[in-house]
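Please open the two chains in your viewer and keep the selection panel at hand. The tour below goes from one selection to the next and says what is to be found at each stop.

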2 protein chains.
Amino acid sequence: MTEKPLGADQQHCPKCAANLKMEIPVGDNRLRYVCSACDYIFYENPTLVVGAVTEYEGRILLCKRAIEPRHGLWTLPAGFMELGETLAEGAARETLEEACANIELGSMLAIVDVVHAGQVHVFFRAKLIDGAYAAGDESLEAELFSPAEIPWDEIAFPSCTIALQQYLQQKAAGIETLHTERAERIR
Amino acid sequence: MTEKPLGADQQHCPKCAANLKMEIPVGDNRLRYVCSACDYIFYENPTLVVGAVTEYEGRILLCKRAIEPRHGLWTLPAGFMELGETLAEGAARETLEEACANIELGSMLAIVDVVHAGQVHVFFRAKLIDGAYAAGDESLEAELFSPAEIPWDEIAFPSCTIALQQYLQQKAAGIETLHTERAERIR
């Protein structure tokens, strides 16, 4: 029954500070972090990452990461969805923060299950509104790449590769559908 | 700077038990719960709810809720996505738990932003494999409804209504696309 070890970040109850223990709560069927003193259950669930494939005059907007993980590699602008926003609003916010770019969002492009990281990545199609962009705080560079120039060997995350490939393949085929896939762990 | 009040459940650092405070962390742009003693940031992000519209011989599988919120109203089998599973696996697991039903998942049907609840709801199309179903622990009843019998006035959540309507409308039109929508707060 100890499949779920207490983590360094899950030692104390956020409500009353007593020690957390591992237990299957009444009416549940899996081990959770449960407070040893009060009724608090410290749930952990997958998080949402939202981003966009943004096009301008046939070129795609990428950012070179200034932060870990994958520092120095190229990514689609994307990040953790926040409370108080829709998926689409989150994708636009992340693109503004990481690439200083205002975008017009299109349809949903890809949803990637990143099970090993406890994440679901959601990408939208988008157009750059005014052609303006720059590196945000979390980026070393922001740049527009033609399809032939995309640095496929230096893409930070498999989900970005999936979204970029789908965007280009579907555009070439004249279609816009939602692609779903489970990403493999990075080697 | 106090837009984000300390909640009853966010008083102590889960890592070291010291008091949490509200602060914009370095490199961030919004208020978070931050430990006053160590470097821990207590992030809160939207959660994923996964479910399915399951059909068997032209009828749709619904469950009458045995738990709050919306006790006694009808819902599509759905619940919080867990770590270690894909969206599709979560939808199948919830259908098994709430309706004791084994399903074959189809395409993604609807994604609903439930911003006021800090949730994103994802529904799949599905077929009941063997015609067997029963009320699970969180259900008072499980039942198959023909489209004409669906209790529209007793559906627990707007996202379920959206998913059911989309399923039936798209089936009638002979199409299968992903519908996205922002749900309004329940009156």
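Begin in chain A by selecting A:Tyr56 together with A:Arg59, which lies in strand 5 of chain A and is the bridge partner of A:Tyr56. Helices (H or I, at least four residues) and strands (E, at least two) are DSSP runs, numbered from the N terminus, and two strands pair if DSSP finds at least two bridges between them. Before going further, note that this is a predicted model, in which local features need pLDDT of at least 70 and side-chain atom pairs count only at pLDDT 80 or more, while totals for chains, interfaces and linings use all residues. Residues are numbered from 1 along each chain as its sequence is written, and chains are lettered from A and ligands numbered from 1 in the order in which they are written.

**Around strand 5 of chain A**

A residue is buried if 20 or more other C-beta atoms lie within 10 Å of its own, exposed if 12 or fewer, and partly exposed in between, with C-beta atoms placed from the backbone. Five of the seven residues of strand 5 (residues 59–65) of chain A are buried, so this strand is largely enclosed by the rest of the structure.

**Helix 1 of chain A**

Next select residues 87–99 of chain A, the helix 1 in which A:Ala92 is found. At 1.5 Å a residue, the 13 residues of this helix should span 18 Å, and its end C-alpha atoms are 18 Å apart, which agrees; the expected span is 1.5 Å times one less than the number of residues. The buried residues of helix 1 of chain A include A:Leu87, A:Ala88, A:Glu94 and A:Glu98.

Is A:Ala92 buried or exposed? A:Ala92 is buried, because 23 other C-beta atoms lie within 10 Å. Leaving out residues up to four places away in sequence, A:Ala92 touches A:Ile103 and A:Leu105, where contact requires that the C-beta atoms of two residues, placed from the backbone, lie within 7 Å. Just after the helix, select A:Cys100, which takes a positive phi of about 50°.

**Chain A as a whole**

Zoom out to chain A, which has two helices and eleven strands. Its C-alpha trace spans about 60 × 30 × 30 Å along its principal axes, and buried residues make up 35% of its 187 residues. Colour domain 1 (1–44) and domain 2 (47–182) of chain A separately; these bounds come from an automatic or database domain assignment, and the C-alpha centres of the two domains lie 35 Å apart.

**Across to chain B**

Now show both chains and select their contact, which takes 34 residues from chain A and 34 residues from chain B. Strand 4 (47–56), strand 8 (103–114) and strand 11 (179–182) of chain A each supply at least two residues of the side that touches chain B.

Chain A can be laid on chain B with an RMSD of 0.0 Å by a turn of 180° and a shift of 0.0 Å along the axis, which is the relation of a two-fold axis. The copies are superposed by least squares on the C-alpha atoms of residues with pLDDT of at least 70 in both. Since 100% of the interface residues of chain A are also interface residues in chain B, the copies meet through the same surface.

**Two stops in chain B**

Select B:His121, placed in strand 9 (residues 119–128) of chain B. B:His121 is buried, with 25 other C-beta atoms within 10 Å, and its contacts, not counting residues up to four places away in sequence, are B:Val49, B:Ala78, B:Val112, B:Val114 and B:Ser159.

Finish at the open sheet of chain B, in which three strands follow the order 1-2-3 with antiparallel pairing. Its edge strands are strand 1 (20–23) and strand 3 (41–42) of chain B, each of which pairs on one side only. Four bridges join strand 1 of chain B to strand 2 (residues 32–35) of chain B, and B:Lys21 stands opposite B:Val34 in strand 2 of chain B.
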